[in-house]
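Here is a short report for a reader meeting this protein model for the first time. Please look over the sequence and the structure, then read on.

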Amino acid sequence: MDRLNPQVRQYLIGAMNNAKSSHWFNWAADAEVKEVTTFKPEHTNDQYWDHDTNSPAHKIYLQLTDTLNEVTYTGEWIEVTQERINQFAAVTEDEQWIHTDPERAAIESPFRTTVAHGFLTLSLIPRLMNITNPEVNAFSGAKMVVNLGLNRVRYPYPVKAGSRLRGSKKVIEVQRVKRGLEVTEEITVEIEGCRRPACIAQTVVLLVF
């Protein structure tokens, strides 16, 4: 503007002032402001939280966040028998001798016995956490609990046939989402008499209210 001819500059300033005083300009400006101030992007965001403070969802949210990174459940011991290993091998068609042939494993395996599949240990988590019990509801108030998968899984030590396992859990993250809560738990599967765990897994579930 400063580089313009003084007469041209004066003309443009006058035109702009006239436009600002225009009825149509003010209407457009008000409409633009109204659109900006009333639009709430969080309403279309899956992370939008629409549960009030008296809702079951909010109560469970407070309970879970109050116990973050604390062990809240330790299950009972269950035995991983050779029969269980064989059944899993038959279902998954993974019948390697390290799992299903005790005689050969006794000679060739460094563990001197057969070992359970890593995925067998992982699949036992619902049983170890007592989730399979229809009379137990770990998240009272939720209409439905949906398995969203796993973030991380490790098998620090193999499970020998005949070993006993038990699981413990702690909540490590809780996110408020549009339909409820997304909960991440760390599950540790312990081997009786062994210093190292059989499995450490981060499971993710969606609580729908």
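## The largest pocket

α7, α8, β3, β5 and β6 each give at least two residues to the lining of the largest pocket. Helices (H or I, at least four residues) and strands (E, at least two) are DSSP runs, numbered from the N terminus. β3 supplies the largest share of this lining, 5 residues. A pocket is an open set of points on a 1 Å grid over the protein atoms alone, where a 1.4 Å probe fits, with protein on both sides within 12 Å along at least five of seven lines; lining residues have an atom within 4 Å of a point.

The largest pocket holds about 610 Å³ of space. Its lining has 23 residues, and P126, I131, V145, E185 and V205 are the closest to the centre. By type, the lining has 15 nonpolar, 6 polar and 2 charged residues. Ala, Val, Leu, Ile, Met, Phe, Trp, Tyr, Cys and Pro count as nonpolar, Asp, Glu, Lys and Arg as charged, and the others, Gly among them, as polar. The volume is the space filled by probe spheres set on the points, with grid points joined across faces, edges and corners.

## How the model was read

This is a predicted model: local features need pLDDT of at least 70, side-chain atom pairs count only at pLDDT 80 or more, and totals for chains, interfaces and linings use all residues. Residues are numbered from 1 along each chain as its sequence is written, and side-chain values use heavy atoms, with hydrogens and water left out.

The pLDDT is the predictor's confidence in each residue, from 0 to 100. The protein averages 84, and 77% of the residues score at least 70. Over residues 23-46 the pLDDT is below 50, and this stretch has 10 contacts beyond near neighbours in sequence. Contact means heavy atoms within 4.5 Å. Where pLDDT is low, the predicted coordinates should not be read in detail.

## The second pocket and F139

The second largest pocket has about 230 Å³ of space. Of its 14 lining residues, I60, Q63, L64, A138 and F139 are the closest to its centre. α3 (56-66) gives the most to this lining, with 5 residues. The lining divides into 7 nonpolar, 4 polar and 3 charged residues.

F139 sits in the loop between α8 and β3 (144-154). Is F139 buried or exposed? F139 is buried, because its relative accessibility is 9%. The cut-offs are under 20% relative accessible area for buried and over 50% for exposed, with partly exposed in between (1.4 Å probe, protein chains only). Beyond four places in sequence, F139 touches I60, L64, V145, E185, V205 and L207.

## Nonpolar cores

The largest nonpolar core has 19 residues, and V80, L165 and V189 have the most contacts inside it. Such a core is a set of buried Ala, Val, Leu, Ile, Met, Phe, Trp, Tyr and Cys residues joined through side-chain atoms within 4.5 Å. β5 gives the largest share, 3 residues. Another core, of 14 residues, lies apart from it and includes Y61, L64, A142 and V174.

## E190 in β5

E190 lies in strand β5. E190 counts as partly exposed, because its relative accessible area is 30%. Beyond four places in sequence, E190 touches W77, R164, L165 and R166.
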